[in-house]
Amino acid sequence: MPKPPLTLWLAAPRGFCAGVDRAIKIVEMALEKYGAPVYVRHEIVHNKYVVDDLRSKGAVFVEQLDDCPVDRPVIFSAHGVPKSVPAEAAARQMLYVDATCPLVSKVHIEAERHHENGLQIVMIGHAGHPETVGTMGQLPQGEVLLVETPADVATLAVRDEAKLAFVTQTTLSVDDTAEIVAALQARFPSIIGPHKEDICYATTNRQEAVKAMAEKAEAMLVVGAPNSSNSRRLVEVGARAGCSYAQLVQRATDIDWRALEGITSVGVTASASAPEVLVEEVIDAFHTRYDVTVQVVETAQENVEFKVPRVLRETA
């Protein structure tokens with residue numbers, strides 16, 4: 001029986017961003033330089049496949065610094081950590097390597113600069129997300145207030161309406177953030193914002209590609225992880241852009257084939273923390289069931305690269 005025809009729209013850019021690439025490289029290079037085990041505080045990036053792969057090479061993932069022995073290197077995840085974490089590591093004389101994405105570090109520096117200028121900071125982010133915890137933890141308690149929705153802005157109790165600045169988590173939806181920024185500016189006209197949105201280039205580019213793809217595809221699959229903010233935002237962006245079926249899948253085995261019955265076009269993308277091998281796995285799964293034509297939807301080209309810390313570039 002002939003396979004039904006299907007057009008597979010492939011988003012470009014998709015998958016790993018420079019910050020994720022760098023973070024994974026840091027763990028691999030640390031294992032090479034110091035041998036196993038190397039400890040990693042929190043998942044290095046939010047993707048089970050990546051974490052399992054590094055675990056098989058000798059990385060040990062823990063949630064707290066207390067879970068690390070003092071005589072082994074510890075790596076801080078790409079999401080960033082509160083100031084207290086490196087301080088504690090230094091106090092315990094631990095060897096630590098910071099894999100915080102440089103674009104997240106940029107937000108940390110921004111928050112500190114505003115604080116030094118006497119401003120209280122409003123952070124647009126998701127409560128409990130490691131990046132938000134890390135950014136808020138750059139400053140003393142109460143100096144950073146969190147808002148998650150435009151409604152939160154109305155109830156915000158600030159110290160001085162004339163002395164405010166805002167920063168944002170780097171992996172948010174561009175459109176949702178714009179609504180919250182508008183609410184902040186309406187309530188606090190003198191609030192100071194970043195020169196350029198804190199949302200990183202990779203988040204923005206992947207969301208734009210999804211919007212372009214949503215016009216062409218009847219259904220959309222986002223390869224990513226349920227605990228990954230940028231993965232979940234891609235699903236929301238796809239649904240909002242008019243794709244009637246937008247689903248997050250960790251692997252090809254998660255595809256709900258019954259939900260896709262009768263459709264002739266599917267869009268596929270991957271979050272910034274999902275490796276290309278998982279996208280290929282999804283494409284292969286379609287090939288076994290359909291007569292597939294692959295079309296690429298390219299909305300931007302990326303050539304960003306971040307250097308790994310000097311300590312790992314120097315030979316042992």
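Predicted model: local features only at pLDDT ≥ 70, side-chain atom pairs only at ≥ 80, totals over all residues.

Me: Are the rings of Trp257 and Phe286 stacked or edge-to-face?

Reply: Planes over 60 degrees apart count as edge-to-face. The planes of Trp257 and Phe286 stand at 70°, so this pair is edge-to-face.

Me: How many residues apart in sequence are the parts that the pair of Trp257 and Phe286 ties together?

Reply: Trp257 lies in the loop between β10 (245-249) and β11 (265-270). Phe286 belongs to helix α10 (residues 276-289), so the pair ties together parts whose separation in sequence is 29 residues.

Me: Which strands stand at the edges of the open sheet of 4 strands?

Reply: The order of this sheet is β3-β2-β4-β5, with parallel pairing. An edge strand has a single partner, so one side of it is left without a neighbour in the sheet; this holds for β3 (59-62) and β5 (96-98).

Me: Which residue in β4 stands opposite Tyr39?

Reply: Strand β2 (residues 38-41) pairs with strand β4 (residues 74-76) in the parallel sense, over 3 bridges. Opposite Tyr39, the residue in β4 is Val74.

Me: Is the ring pair of Phe76 and Tyr96 stacked or edge-to-face?

Reply: Phe76 lies in strand β4 and Tyr96 in strand β5, so the pair ties together parts 20 residues apart in sequence. Planes under 30 degrees apart count as stacked. The planes of Phe76 and Tyr96 are at 25°, with ring centres 5.2 Å apart, so the pair is stacked.

Me: Is Tyr96 buried or partly exposed?

Reply: Buried means under 20% relative accessible area, and exposed means over 50%. Phe76, with 0%, is buried. Tyr96 has 33% relative accessibility and therefore counts as partly exposed.

Me: How many disulfides does the structure hold?

Reply: Two cysteine sulfur atoms must lie within 2.5 Å to count as a disulfide. For Cys17, the nearest cysteine sulfur is that of Cys200, 5.8 Å away, and Cys17 is in no disulfide. The number of disulfides in the structure is 0.

Me: Which residue has its backbone nitrogen 2.8 Å from a polar atom of the side chain of Gln120?

Reply: Gln120 is found in strand β6 (residues 120-124) and is buried, with a relative accessible area of 5%. Its contacts beyond four places in sequence include Val158, Arg159 and Asp160. The backbone nitrogen at 2.8 Å from the side chain of Gln120 is that of Arg159.

Notes. Residues numbered from 1 in each chain as written. Heavy atoms only, no water. Helix = DSSP H or I, 4+ residues; strand = E, 2+ residues; numbered from the N terminus. Buried < 20%, exposed > 50% of the residue type's maximum accessible area, 1.4 Å probe, protein only. Polar contact = N/O pair within 3.5 Å; in protein donor to acceptor, adjacent residues only side chain to side chain. Contact = heavy atoms within 4.5 Å. Pairing = 2+ DSSP bridges. Phe/Tyr/Trp six-rings, centres within 6.5 Å; stacked < 30°, edge-to-face > 60°.
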